Amino acid sequence: QLQASGGGLVQAGGSLRLSCAASGRTFNRDSMGWFRQLPGKEREFVATISWSGGSTYYADSVKGRFTISRDNAKNTVYLQMNSLKPEDTAVYYCAAGARFGVIYSSGYNYWGQGTLVTVSS
């Protein structure tokens, strides 16, 4: 099970840090990712990280502003979001179980429940 947290309301230019804690199963050998979704829209890839944390990959829309990281000792993955823009507003989901570099949601086997990020202008 994956539990995402850390969402909230922030002004444009601000920062938030999302966390995704795993329980009931270790994901230390799985790549993990973050996706986001607006109502009526498809789930959009944001970032992914390899099981070791040594490799990361980002969507162009967040590159240079977001940083994905993980702490395998805590079975947790993070998404540090800086310089937030109103277009970053979405429900953010963490996911696990894909090979590294997979950017489509169907490639992931495990999903968290989502945390809402709202960026005001």
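Trainee: Which conventions apply to the values?

Mentor: In this predicted model, local features need pLDDT of at least 70 and side-chain atom pairs count only at pLDDT 80 or more, whereas totals for chains, interfaces and linings use all residues. Residues are numbered from 1 along each chain as its sequence is written, and side-chain values use heavy atoms, with hydrogens and water left out.

Trainee: Which residues have the most contacts inside the largest nonpolar core?

Mentor: In soluble globular proteins, nonpolar side chains tend to be buried together. A nonpolar core is a set of buried Ala, Val, Leu, Ile, Met, Phe, Trp, Tyr and Cys residues joined through side-chain atoms within 4.5 Å; buried means under 20% relative accessible area, with a 1.4 Å probe and protein chains only. Here the largest such core has 34 residues, and Trp34, Leu79, Met81 and Tyr92 have the most contacts inside it.

Trainee: Which element gives the most to this core?

Mentor: Strands are DSSP runs of at least two residues, labelled E and numbered from the N terminus. E9 gives the most, with six residues. Seven of the nine residues of E9 are buried, so E9 is largely enclosed by the rest of the structure.

Trainee: How many bridges join E4 to E9?

Mentor: Two strands pair if DSSP finds at least two bridges between them. Seven bridges join E4 to E9, and these strands run antiparallel; Gln37 stands opposite Val91 in E9. E9 is also joined to E11 by three bridges, again antiparallel, with Val91 opposite Leu116.

Notes. Buried < 20%, exposed > 50% of the residue type's maximum accessible area, 1.4 Å probe, protein only. Helix = DSSP H or I, 4+ residues; strand = E, 2+ residues; numbered from the N terminus.
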